[in-house]
Each structure stands twice: as structure tokens, then as C-alpha cells.
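Notebook open. Today I'm looking up the pocket and the ligand.

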Amino acid sequence: MKTKLILCIVVFLAFTSVKAQHKNPGKNNAVKKTVQIDKLAMANQVRLEFLHAWLGYKKFAWGYDALKPLSKTGHNWYAHSLLMTPVDALDGLLIMGLEKEAADAEKIILDSLRFNYDMDVQNFEISIRILGGLISAYELNNNPRFLELATDLGNRLIKAFNSPTGMPYRYVNLNTGKTKGNISNPAEIGTYIVEYGILSKHTGNPVYFETAKKAMLALNKYRSKINLIGTSINVETGEWTNTESHVSGCIDSYLEYLLKSSVLFNDKEMKQIWNENLTAVNTYIADEEHNGLWYGHSDMNTGKRLSTSYGSLDAFFAACLAMGGDLPRAEKLQASNYKMFMQNGIEPEEYDYAKMEAINPQYILRPENLESAYYLYNFTKNEKYLKQGQDMFLNIVKYCRTTEAYAALKDVKTKEKKDYMESFFLAETLKYAFLLFDDNHSIDFNKVIFNTEAHLYKR
Ligand code: DMJ
């Protein structure tokens, strides 16, 4: 069983790995001479820190959704655990070659994860973390029980889409299918097509892909005359309840999934919608300030600037721009991302780029800045992105590490810690850091795609 698992991972990684040298030997020899970062040492250090955080979870919160690293206890999102941290961490453990730990994660998932609970769950979060993680686990180890779990969960979550418009409600009861939360937002409406599309591929049942796409098309119908979307919308009527447009939380991953679904499924309709949204975003949301390129907030109907607010979530957009082919803008935005991160050593949740000061000073171990450094490095091979990644990662170690794991920060200025370690710290932040430095498993973007929680799938 173990040999079979290792064999599958090796085959998967061989399938996805195209070392940069193979693609362009001349260019990469040149890069090699000037590289000052010891990538191997950095990859090893990230792996050790991943293990440190994971072992903290295991020691104090095994079986719970997440670790509270200061009180050293476990935390569940709902009445019953959905094993969020093991599911989110599993593909990272496999990619980093932490086989014994991966086996323990697999065992607890296969032994005890179940979904037949009378419990309202947030459709978006459970989809990107749990459904997304289970599908990735299935692709990595081919164990049909992961696909069974994913299909069971998908069949429960899909009931959330049962609204007059086809846009999903925010919450769904896993047992009864009863929904609630008719005021939703583009991210929670349109971040399913990657997971659902791949579930359709593996099960042969098109309903998941079709349902997710229908919701995106419904949302697209309500965009403004200038092609912008707002922050919140009623999924029953299509009426906007907040018309502020931006690329931040509540909108971010909808844009990401327009682009990723167009690539993953070669979907022309999604490609066109992505292009139209992107043009509007670059016209009305982008903001060239004295200190660089940023994306602020504007009214979706008039395009009028409402605020110069940016933040750690917005940092993902540099990766999107790069993947969409706009490297000049992507590189400019990543320069701003890095500036925001390093100003206090760690980036704040929300940042006023005109005043260059934190609006919301906390840092909850978010990945987006490292994610964008990783994408930019992959597309440009410019070693400055290795340096950015190294600086950001080492500062996270410096300020967020605890004796037993990692903790969020209440304030990036005081560095006072907060008693929570999000599962995405393992699923995304440390995975992107590892992949940035790791040469053996470097991912060829033409062969894999990441969901918004950094779970990776074959294209
Ligand atoms: C993750 O859960 C996902 O990346 C999501 O799209 C928004 N951001 C968090 C991590 O910051």
C-alpha cells in the first residue's frame, strides 16, 4: 500500500515536473551563476517549519479542525469536526515528502471524516478547503475512498445552489440540504467551478461543473454597465446590496476562477468574461500612485474612486495578472505587495496605500503575497522573487513562530500574537514558500492548476 502510494506520488510529480533547465538550458545556466539564494537549504527550512506547525496541531489539536497555538487546544468550526487541518495539509505533506505524517493524516481522514451531520456549513469555505483537499488527495494517491468522500460532500454542498437565480446561498445544512444566507458575495458565489469541474471529470457526472458555471453566468448577468461587480448581492433577486468594487475579499477568488476555469477547461465563455472583467478592473480599480501600482476600491456603477484600501488578500492579484499574461502589471503590483509586506516586517490585513499605513493591523498567516512571488518567479525566473519569498518567509518565522506551532498576529506593529493557526497556513502559505524554493518538484504551470486554497490538480 505504502509502496503503491509512493509510486503514485512519484508518477504524479514526474508528470507535473518540468525542470526549468529542460525548458531553456541556456537561460537557466545564466541564472544559475547569479543565484545567491540557497534554494535547497531554503526548501529544507520551509519543510522543517511545515513539520513544526503540523506537529503542533497533532500534539494539541489532533482530530479538531484547527489549532489554537497559544492556549494549546483544538478548535472546531461547527458542532462536529470536519478535520480541516489534516485535509488542508495532506497534499503539502505529500509534496514535501513527509510520508509518515501524510500516512497519519490519511488514516484519520479515512477513519473518521464523515459528513452526515445536521449542521449548517459555509458552502465556500468547506468547498475550497475540504472538497478541494479531498480531490487533490485523490489525484495524488489514487485511493478511490478520497473520491467517495469528495462525491459525498459535493452532493451535500450542491444543494446550496438551489436558489431562483442559481447563485448559491452562503450556508447549507449537510443533512437536510436546507439553505440560509441569501445575501452573498461574488467570491462565495463563483468559487466552485475548479473543484466541481474536476469532480465532474472524475465521477463522469457533469452536474457539478454545470451547476458551478451556471452560478458564475448568473452573477455575470448582474455586472454593471461598466463591467464591474460589487461586494454583496441578494442571490434570490440579483439585487446588489453593496456596490463597492475591488479585487479584495468577497470578490477576489471569483476573478481568479474566471481565469482558472478558462485555462483548465479551455472554456471560451469564461475567457471572455475574464477579459471583460479584467479590462474594467484595470480601468477603474487600478491606481498608479507615486509609490507604485495598487488596486483600490471604486463604485461599480460610476467607477468613482471610493478608497485607497488594499491588503493581504488583494496581493493574490499579481499572480492572476501573471497567469493571465500581463507580466508588466504583475511585476509592478508584486513590487507594491512586497513593499506592503516589509514596511512593518509583516503585512497587515488592510492597508491604505496612499497614506502607506495599516487600516486593519492584524496578520492571520495569509498566503497571497508568497503565492504571487511564487507565480512571478515561475514566469520570469527573476531571482528577486526568490529574495522576496525568502524575506517574507523568514519574517513569518521570526514573528509568528511559537514554541509549538505558528500563530497569527493581532498587530503587525507590536507583533502581539493571536491564538489561532488557520488551516491555510499549511495548505497555502508554507506550500507556496516550499514550491518557490524547491527544484525537484517545481510545477509546470501547463500541467497543473491550483485551486484558491493551493490544492493542486492535473490539467
Ligand atoms: C484562502 O482560504 C483562500 O485563498 C481564499 O480564496 C481567500 N484567502 C484565504 C487565505 O488568505
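Here are my entries, starting with the ground rules.

This is a predicted model, where local features need pLDDT of at least 70, side-chain atom pairs count only at pLDDT 80 or more, and totals for chains, interfaces and linings use all residues. Residues are numbered from 1 along each chain as its sequence is written, and side-chain values use heavy atoms, with hydrogens and water left out.

I looked up the largest pocket and found about 480 Å³ of space in it. (A pocket is an open set of points on a 1 Å grid over the protein atoms alone, where a 1.4 Å probe fits, with protein on both sides within 12 Å along at least five of seven lines; lining residues have an atom within 4 Å of a point.) Its lining has 26 residues, and Phe124, Glu125, Asp252, Leu313 and Arg366 are the closest to the centre. By class, I got nine nonpolar, five polar and twelve charged residues in that lining. Helix α7 gives the largest share, four residues (helices are DSSP runs of H or I, at least four residues).

**Ligand.** Where does the ligand sit? I found it in the largest pocket (more than half of its atoms lie within 2 Å of the grid points). Around the ligand I noted residues including Ile128, Leu313, Pro367 and Phe424 (near means a heavy atom within 4 Å).

**Contacts.** I then checked polar contacts (pairs of N or O atoms within 3.5 Å). Ligand oxygen atoms lie 2.7 Å from a side-chain N or O atom of Arg366, 3.1 Å from one of Glu428 and 2.6 Å from a polar backbone atom of Thr452.

Methods
Points joined across faces, edges and corners; volume = space filled by probe spheres on them. Helix = DSSP H or I, 4+ residues; strand = E, 2+ residues; numbered from the N terminus. Nonpolar A, V, L, I, M, F, W, Y, C, P; charged D, E, K, R; others polar. Polar contact = N/O pair within 3.5 Å; in protein donor to acceptor, adjacent residues only side chain to side chain.
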